[in-house]
Amino acid sequence: MLKVKPERFLDDLHHLRSFGAAGVGKGVVRPAYSPPDIAARQWLAERMAEAGLRPQFDPVGSLFGLVDGPSLLLGSHSDSQPEGGWLDGALGVIAGLEIARAARETGGPPVSVVSFQDEEGRFGVTTGSAIWSGNLALEVADRQTDRMGVSFAEARAAMAHLAGKFVDPSQFSGFMELHIEQGPWLSEAKEAVGIVTDIVGIRDMRITFDGEQNHAGTTPMHRRRDAFQGLARFNALINERFRNVVSPQTVWTIGHVALHPDAHSIVPGRATFSMQWRDGDTERLSRMETVIRDAAEEVASAAGLGLSFGDMLGLEPVPMDARLRAALCESADTVAPGRWRQMQSGALHDATNVARLMPAAMLFVPSINGISHAFAEDTDEADLVTGLMVLAGAVGRGSV
């Protein structure tokens with residue numbers, strides 16, 4: 001096993017949290033391209049250089065710490081949700097840095113590190129790794145906007161002084177990503193590690209119901225074409241119709257609800273919202289899309305509403321590489337015997353995109369009470385170190 005230094009790893013992890021530290025507990029506000037995000041990436045570049053790696057920013061701000069010649073790539077992302085925790089993404093980057101450092105210090109296999117940009121989706125879905133993998137064209141990404149109307153092209157201009165060329169993926173033999181689970185299963189079972197079998201697919205699109213804006217005090221209920229009531233009926237209808245389609249692991253969420261004109265004395269004339277659903281089976285994802293579209297059309301027809309659908313975004317389900325997964329399982333059995341499991345990832349990760357280019361694998365450590373994407377996100381430091389040791393053990397075997 002590589003001789004990693006847990007104290008150094010934890011010190012770096014805590015220092016990274018200082019960029020954008022906010023809220024109670026260990027909260028972080030470090031959205032992609034914000035000043036804290038850029039400052040964190042510049043600090044990471046310095047740490048990579050100190051570790052003997054060659055830092056390189058690509059055109060969208062993803063940061064690589066490279067060794068010369070072929071290597072294994074480790075990492076994740078260092079941007080956060082608008083209100084996030086200190087570990088989501090950051091754990092995988094700092095674990096990769098520590099293992100790359102240990103490999104150089106003790107003569108281990110060559111390891112490079114990456115922190116992808118905009119994994120949290122300010123402008124889309126895992127934007128930086130999606131562009132690097134060829135899953136998203138840069139010219140298409142540049143037209144995408146955040147909720148404030150800022151384009152991806154405008155945002156990444158803030159890192160133009162750091163940007164270099166895209167890194168050639170052919171130099172990497174594979175990719176492994178350590179991450180917090182972001183769910184309750186490991187925490188509830190008091191297990192230390194989860195080896196990911198596959199990452200679910202995701203679909204996401206905007207839906208708009210157009211009704212008739214009118215006076216809330218004088219418009220009789222039977223005369224209303226209330227766009228929000230259309231949304232409410234749609235939500236009830238899909239919940240009922242999904243029963244015969246979904247599995248216990250399937251999830252779906254309505255979000256980004258925007259009513260127009262959003263006033264307490266006006267019948268809403270428009271309701272726009274996001275519809276997202278996730279599952280590990282491509283066919284089931286397609287059947288759910290059919291249910292969603294049919295339900296929306298039925299509601300619109302019955303209520304006299306206009307209906308429009310936005311572009312479909314998403315990623316396909318991705319199985320993890322069997323060889324890398326086996327190395328992680330062997331290491332977990334050595335480091336945490338009887339305290340690990342194999343499991344599916346219900347959250348998206350950069351490994352989804354990187355798997356298009358090379359063998360990819362992931363492992364999880366517990367999230368206390370299953371909380372993530374919140375200031376209360378946390379993991380016991382002993383579990384963080386266990387995850388580091390399992391990843392280092394897999395890398396140190398030399399077979400990955």
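The model is predicted. The chain contains 12 helices and 16 strands. Its radius of gyration is 23 Å, close to the 21 Å that the globule rule gives for 400 residues, so the chain is as compact as a globular protein of that length.

**Overall fold**

- The C-alpha trace of the protein chain spans about 75 × 50 × 40 Å along its principal axes.
- Of the 400 residues in the chain, 53% count as buried.
- Among contacts between residues at least 6 apart in sequence, 78% join residues at least 24 apart.

**Helix H2**

- Helix H2 covers residues 35–50, and its 16 residues should span 22 Å at 1.5 Å a residue. The C-alpha atoms at its ends are 23 Å apart, which agrees with that expectation.
- The buried residues of H2 are Asp-37, Ile-38, Ala-40, Arg-41, Trp-43, Leu-44, Ala-45, Arg-47 and Met-48.
- An α-helix has 3.6 residues a turn, so residues three or four places apart point the same way.

**Ser-62**

- Ser-62 lies in the loop between E1 and E2, and it is buried, because its relative accessible area of 0% is under the 20% cut-off.
- Apart from neighbours within four places in sequence, Ser-62 is in contact with Arg-41, Gln-56, Phe-57, Ser-115, Phe-116, Gln-117 and Gly-128. Among these, Arg-41 is also one of the buried residues of H2.
- The side chain of Ser-62 reaches the backbone nitrogen of Gln-117 at 3.0 Å.
- Ser-62 and Val-193 are 131 residues apart in sequence, and their C-alpha atoms are 27 Å apart in space.

**Glu-181**

- Glu-181 is placed in the loop between strand E5 (172–180) and helix H7 (185–189).
- Glu-181 is buried yet has no salt bridge. The nearest side chain of opposite charge belongs to Arg-341, 6.7 Å away, whereas a salt bridge requires a side-chain nitrogen of Lys or Arg within 4 Å of a carboxyl oxygen.
- A polar atom of the Glu-181 side chain lies 3.0 Å from the backbone nitrogen of Leu-186.
- Not counting residues up to four places away in sequence, Glu-181 touches Leu-186, Ser-187, Met-343, Phe-364, Val-365 and Ser-367.

Definitions and conventions: Residues are numbered from 1 along each chain as its sequence is written. This is a predicted model: local features need pLDDT of at least 70, side-chain atom pairs count only at pLDDT 80 or more; totals for chains, interfaces and linings use all residues. Side-chain values use heavy atoms; hydrogens and water are left out. Helices (H or I, at least four residues) and strands (E, at least two) are DSSP runs, numbered from the N terminus. The expected span of a helix is 1.5 Å times one less than its number of residues. Buried means under 20% relative accessible area, exposed over 50%, partly exposed in between (1.4 Å probe, protein chains only). Lys and Arg count as positive and Asp and Glu as negative; His and the chain ends are not counted. A polar contact is a pair of N or O atoms within 3.5 Å; within protein, one must be able to donate a hydrogen and the other to accept it, and residues adjacent in sequence count only if both atoms are side-chain atoms. Contact means heavy atoms within 4.5 Å. The radius of gyration is taken over C-alpha atoms; the globule rule is 2.2 Å times the number of residues to the power 0.38.
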